[in-house]
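Dear colleague,

Please find below the structure that I am handing over to you. My notes on what was found in it follow directly after.

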Amino acid sequence: MNIKKNISGYPLIINYLGIFAILIGVINLIPLLVIPFYPEEIVEAKYFFIPALSAIFIGSLIVLIYKGREKDRLERSQDAILVMSIWILGIFVSSLPFVLTGNYNFTQAIFESTSGYSTTGLTVVDVTVTPHIFLFFRSLLQFVGGVGLVLVLTSAISDKFGMRLYSAEGHSDKLVPNLIKSGRMILSIYIGYILVGSVFLIIFEMTPFEAINHSITAVATGGFSTESLSIGAFNSVGVEVTIMILMLLGGTNFFVHLMLLRGKFKNVYRHVEIKLLGILLLIFIPMLVINLYSMYDGNFFHTLRVASFQFISAVTGTGFQTIDTFTVMPPTFIAVLVIVMVLGAGMGSTAGGMKQYRVALAFKSLYWNIREQFGHKKTIRTHFINKIGNKTVVTKDEVVQNYSFLMIYLLALFTGTLIFTGLGFTIRESLFEFASALGTVGLSVGIVGYDANPIVLWTSTVGMFLGRLEFYVVFIALTKIFIDIKKKA
């Protein structure tokens, strides 16, 4: 009697990677849908066929090798290894179309692919000469990365093991008990926003191609544009207002979307992140208007338009811009944008940064600590924070973990800034550029570009990768691999 062995441990991870390689290959075939609209770009198709079919072929071989074997559960922390591996695999496969064109080296291609999946929007691509198929490919990467690479893939197959991967990817937004239903609900909400946004952008005189791409990358808070001047190229109030609404929707927690769609506006209003965002808008937009007022010759409306757009673009981590360059902007304007790029948007949104929930929790825990210093020592208080209209107990462990994350984030920010200054850039330029990469924002003072030093590109790539996966999953995965290697030695 032939008894087949179960697969577990690293062979199980490889088996799952085979499945995900097939799905990543399929994602890389989707840009071919553009060809019927731009038939002259059929010559570009081979750049997508080769890596996509290779990924599907290799993935199928791996799946075939383990066919019929029962799968054990992943061991502790191996889900982190799998999530990190899926992201690296996705970034690598999606970098190959850029490499195959011969216009980009490996470093530039990995940078562009990472910027896409992490929804950053920093770019080495000259969009004025780039074929439509590649422009759409970049937008697609931001959509998949914004929703969550693992979420998109696991919602397409099974939720037997997907929920652990889903949580490891940084999601806290299981809308319903079933992962597949949660994933499809999130996808449906996003696709709905993208379609409505596209219609409005077409009304405001974008072409359908421009409208779809900008709607996708605004909701994904990615910021890739089909124009070298970004949203500023359209010089349209209607376009800017539509994009601002889409950016805010993309930067909002998935749970809040669900509450909005169910008409539970009181819950939305009470959510701690919505309150913090409201406070930030009320403080910083007037500050920016005052700061820029003389620069725009006292034109209040134009100043308010620029200040509002750039603030929302930064705080949601999108990276669209309506100004030509940040190098001539006043120091206060730059400082405010750096602060909000570091703060980030809502938990469980498509944006990066520290996230508003963590910042709000840090301020609240600081307040609780000061209050306890003046209270009776024997008084034991329970602390609460409002999540989507519900008072939720905050434990001491959660507070400590929150401060640990903020410290790691700041340490990474200082390290990246230091590397840039070591290459000759000023502290102002370095801090702005790396805060943008780590916060997956995409605003730039010009350090990153096609001709950038490879050290700049790799530093930014690591920053974008860590920023999107929120550090812990990468640290846990690397630590687990190190421990396993040490055991084998």
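Serine 230 sits in the loop between α9 and α10, where helices (H or I, at least four residues) are DSSP runs numbered from the N terminus. Although serine 230 is not a glycine, its phi is positive, at about 60°. Most residues other than glycine have a negative phi. At 8% relative accessibility, serine 230 counts as buried; the term buried means under 20% relative accessible area, exposed means over 50%, and partly exposed lies in between (1.4 Å probe, protein chains only).

Please note that this is a predicted model, in which local features need pLDDT of at least 70 and side-chain atom pairs count only at pLDDT 80 or more, while totals for chains, interfaces and linings use all residues. Residues are numbered from 1 along each chain as its sequence is written, and side-chain values use heavy atoms, with hydrogens and water left out.

Glutamate 205 is another residue other than glycine with a positive phi, near 75°. Glutamate 205 belongs to the loop between α8 (179–203) and α9 (208–219). With 72% relative accessibility, glutamate 205 counts as exposed, whereas serine 230 is buried.

I turn next to the salt bridges. A salt bridge is taken here as a side-chain nitrogen of Lys or Arg within 4 Å of a carboxyl oxygen of Asp or Glu, and by this rule the count comes to 3.

One of them joins arginine 138 to glutamate 112, with the closest N and O atoms 3.0 Å apart. Arginine 138 is part of helix α5 (residues 132–147) and glutamate 112 of helix α4 (residues 106–117), so this pair ties together parts that are 26 residues apart in sequence. Both partners are buried: arginine 138 has a relative accessibility of 2%, and glutamate 112 has a relative accessible area of 1%.

Another salt bridge is formed by the side chains of glutamate 240 and arginine 305, at 2.8 Å from N to O. This pair links distant parts of the chain, since glutamate 240 lies in helix α10 (residues 237–250) and arginine 305 in helix α14 (residues 300–315), 65 residues apart. Glutamate 240 is buried at 4% relative accessible area, and arginine 305 also counts as buried, at 17%.

The side chains of lysine 480 and aspartate 484 meet in a further salt bridge, at 3.5 Å from N to O. Here both residues lie in helix α20 (residues 472–488), 4 residues apart, about one turn of the helix. Lysine 480 counts as buried at 14% relative accessibility, and aspartate 484 is likewise buried at 14%.

Finally, there is a helix pair to report. Helix α2 (residues 46–65) packs with helix α3 (residues 78–100) at an angle of about 150°, their axes being 8 Å apart. The axes are lines fitted to C-alpha atoms over the stretch in contact, and angles run from 0 to 180 degrees between N-to-C directions. The two helices are therefore roughly antiparallel to each other, a term used for angles over 145 degrees. In α2, Tyr47, Phe48, Ile50, Pro51 and Ala55 meet Val93, Leu96, Pro97 and Leu100 of α3, contact meaning heavy atoms within 4.5 Å. By class, this contact has 9 nonpolar, no polar and no charged residues; Ala, Val, Leu, Ile, Met, Phe, Trp, Tyr, Cys and Pro count as nonpolar, Asp, Glu, Lys and Arg as charged, and the others, Gly among them, as polar.

Yours sincerely

Methods: Angles under 35 degrees count as roughly parallel, over 145 as roughly antiparallel, 65 to 115 as roughly perpendicular and the rest as oblique.
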